[in-house]
Amino acid sequence: MLHLIWIILRWFLFCLVTNVSLTKAVTMEQFEQSLDMMRNGCTPKFKIPVEKLDLLRVGNYEEVENVADIKCYTKCVAQLAGTVTRKGDFSIQKALAQVPIILPKELQDDATAALSNCKDAQKDYKDSCDRVFYTTKCVRDFKPEVFKFP
């Protein structure tokens, strides 16, 4: 069943990318739907209460930082977005390449600036889940009012 969810998610992301190539940007509604799809793809792998995921969604990292599995959930989402290297590290280059594909136009400039600002956020962490989590937290800290996460 989990394998089927991964296939559906990848197909959805493919369709999203195909649509983007025609329209040049996703709408905010399409973006929010993709957030829900990514959440649904990663949630079954971890035993994280929905209320904790909701805190993460609105960028409240301080309240979820010590929740079991939350950091690896963040990595799972980054993997679905295609922003993780084969070694499991967050790739700023891959993330920057995904900006025009998966983000609506109104978020792209802020996201690009945030990613550039956070390029070294993971250097102090050894665990790949920590590296992705703290890079994502840095992106949130850059401009919290526009941050969105699955």
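**Figure 1. Overall order of elements in the predicted model.** From the N terminus on, the elements of the protein chain follow the order α-α-α-α-α-α-α-α. The model is predicted, and its secondary structure comprises eight helices and zero strands. Of the 150 residues of the protein chain, 45% count as buried. Among contacts between residues at least 6 apart in sequence, 61% join residues at least 24 apart. The protein chain exposes about 8,300 Å², of which carbon and sulfur atoms supply 56%.

**Figure 2. Close-up of the largest cavity.** The count of cavities of 30 Å³ or more comes to one. About 550 Å³ of space lies in the largest cavity. Its lining is formed by 28 residues, and Leu103, Ala111, Val139, Phe147 and Lys148 are the closest to its centre. Two or more lining residues come from each of α2 (28-42), α5 (70-80), α6 (92-102), α7 (105-117) and α8 (128-142). By residue class, the lining divides into 20 nonpolar, five polar and three charged residues.

**Figure 3. Close-up of helix α7 at the cavity lining.** With five residues, α7 provides the largest share of the lining of the largest cavity. The end C-alpha atoms of α7 are 19 Å apart, which agrees with the 18 Å that its 13 residues should span at 1.5 Å a residue.

**Figure 4. Close-up of the buried residues of α7.** Leu107, Gln108, Ala111, Ala114 and Leu115 of α7 are buried. An α-helix has 3.6 residues a turn, so residues three or four places apart point the same way. The buried residues of α7 pack against α2, α6 and α8.

Notes. Residues numbered from 1 in each chain as written. Predicted model: local features only at pLDDT ≥ 70, side-chain atom pairs only at ≥ 80, totals over all residues. Heavy atoms only, no water. 1 Å grid on protein atoms, 1.4 Å probe; cavity = no way out; pocket = protein on both sides within 12 Å on 5 of 7 lines; lining within 4 Å. Points joined across faces, edges and corners; volume = space filled by probe spheres on them. Helix = DSSP H or I, 4+ residues; strand = E, 2+ residues; numbered from the N terminus. Nonpolar A, V, L, I, M, F, W, Y, C, P; charged D, E, K, R; others polar. Expected span 1.5 Å × (residues − 1). Buried < 20%, exposed > 50% of the residue type's maximum accessible area, 1.4 Å probe, protein only. Contact = heavy atoms within 4.5 Å. Areas by Shrake-Rupley, 256 points an atom, 1.4 Å probe, with all protein chains shown as cover.
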